[in-house]
Amino acid sequence: MTHSGRHFLQIPGPSNVPDSVLRAMSMPTIDHRGPEFQALLSQVLAGVADIFRTSNQVIIYPATGTGAWEAALVNTLSPGDEILCYETGHFSSLWKAMAEKWGLKPTMIEGDWRTGADPEKISAALAEDTAHRFKAVCVVHNETSTGVTSRIPEIRRSIDAAGHPALLMVDTISSLGSVDYRHDEWGVDVTVSGSQKGLMLPPGMSFNAVSDKALDAHERSTLPKSFWNWTEMLASGKNGQTPYTPNTNLLYGLKEALRILDEEGMDNVFARHIRFGEATRAAVDAWGLEVLCTNENEHSPVLTAVLMPEGFDADELRRIILERFNMSLGAGLSKLKGKIFRIGHLGDLSDLTLAGTLSGVQMGLQLAGIKVNPSGVEAALDILRDA
Ligand SMILES: *Cc1c(COP(=O)(O)O)cnc(C)c1O
């Protein structure tokens, strides 16, 4: 079936790329060793440092977020090091699996995929580790597979309360630029992020923000590192250079994305995403369905994962919605496959786009034969109107 109008891309990343960012990227190739590039890189490095809220230089890789995970591990750790991970969902499990492939020894605190990383459980695990074998604590800020956001400042306090020297590493791939985040103030040692979610860019660029303590650990770390080596990235970056060919056109896009975010104001951006989350949950409640996240303090402002009623397949619902309304929703990942669908509400999105999205979900639920209360969309509109 052909469709008129625009496709609704309401997956929780990659997110929609604003037209002005698309235009900003359509530039001829320039000399990446020349003065024009130097000025571009220096400008975006300053801009992203503001987004991470760090005074240290940020490292930008021409790679997806997974690469920046690897960079965080290989730049700070040594073969056989133990790390503490927290199972918030699919992405935290992938990060742990990567650590194993690198010969690290991760211990995973088990989770239920419906709540965030529990600061008390982290505190307890660290208190038991009197020999300080854990070199790092790795958590995902916004678990994109479940729609649950972990409380990073509380996790920092729990590490400090245990008097433990482990580094704190945080994956903000789906939260940076959409959810309040403060690398320096929250005492995070390595923040990992990516371009294609809150920053509204295509995939292919990722970041490490680093603390002084992480830089010290880097000096001692003996895991092999070449492409990811912070030392070379930081030294070149200081002069507006990169150790290898940068993805210049994505950097043009980043410059424009930073301009858009600055124009709206980060506080307004964060408030808008919180409102989108509230409106979406109001719709889900009114439909009589259940949101996957069970902790009131941990609902994601970026996406909402919705449990399918017993006997219905979430992928069949997504198929109907794509076919009839030209809208893509996020699938359930690994053990949640078919059991949930995810509504992305991040990035370049307005109140009316969200209203359209929820209308499509409501009609799709009805077409799938699920008895939902049609006041769902109205409940969302009430929240959007009164904000
Ligand atoms: C998307 C995502 C990733 C994976 O990033 P890639 O860019 O696909 O490598 C990792 N963690 C989280 C939380 C994500 O949302």
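Predicted model: local features only at pLDDT ≥ 70, side-chain atom pairs only at ≥ 80, totals over all residues.
Reader: Which residues come nearest to the ligand, of the 13 around it?

Author: Polar contacts are counted for N or O atoms within 3.5 Å. A polar side-chain atom of T64 lies 2.7 Å from an oxygen atom of the ligand, and K197 also places a polar side-chain atom 2.7 Å from a ligand oxygen. For T144, the distance from a side-chain N or O atom to an oxygen atom of the ligand is 2.4 Å. Of the 13 residues in the shell, those that come nearest are T64, T66, T144, D171 and K197.

Reader: How much of the 390 Å² that the ligand exposes when taken alone does the protein bury?

Author: The side chain of T144 has an N or O atom 2.4 Å from a ligand oxygen. Of the 390 Å² exposed by the ligand taken alone, the share buried by the protein is 88%.

Reader: Which helix gives the most residues to the shell around the ligand?

Author: By class, the shell has 4 nonpolar, 7 polar and 2 charged residues. The helix that gives the most to this shell spans residues 65-76 and supplies 3 residues; it is helix α3.

Reader: Which strands stand at the edges of the open sheet of 7 strands?

Author: This sheet has mixed pairing and the order β2-β10-β9-β8-β5-β3-β4. Two of its strands have a single partner strand each, so one side of each is left without a neighbour in the sheet; these are β2 (59-61) and β4 (105-109).

Reader: How many residues apart in sequence are the parts that the pair of Y61 and W228 ties together?

Author: There are 6 aromatic pairs. Y61 and W228 form an edge-to-face pair, with 4.9 Å centre to centre and 80° between the planes. Because Y61 lies in strand β2 and W228 in the loop between α7 (212-220) and α8 (230-238), the pair ties together parts whose separation in residues is 167.

Reader: Which residue in β14 is the bridge partner of A331?

Author: The open sheet of 5 strands has the order β1-β13-β14-β12-β11, and its edge strands are β1 (8-10) and β11 (290-291). Within this sheet, β13 (residues 327-331) and β14 (residues 340-344) pair in the antiparallel sense over 2 bridges. The bridge partner of A331 in β14 is F341.

Notes: Residues numbered from 1 in each chain as written. Heavy atoms only, no water. Near = heavy atom within 4 Å. Polar contact = N/O pair within 3.5 Å; in protein donor to acceptor, adjacent residues only side chain to side chain. Areas by Shrake-Rupley, 256 points an atom, 1.4 Å probe, with all protein chains shown as cover. Helix = DSSP H or I, 4+ residues; strand = E, 2+ residues; numbered from the N terminus. Nonpolar A, V, L, I, M, F, W, Y, C, P; charged D, E, K, R; others polar. Pairing = 2+ DSSP bridges. Phe/Tyr/Trp six-rings, centres within 6.5 Å; stacked < 30°, edge-to-face > 60°.
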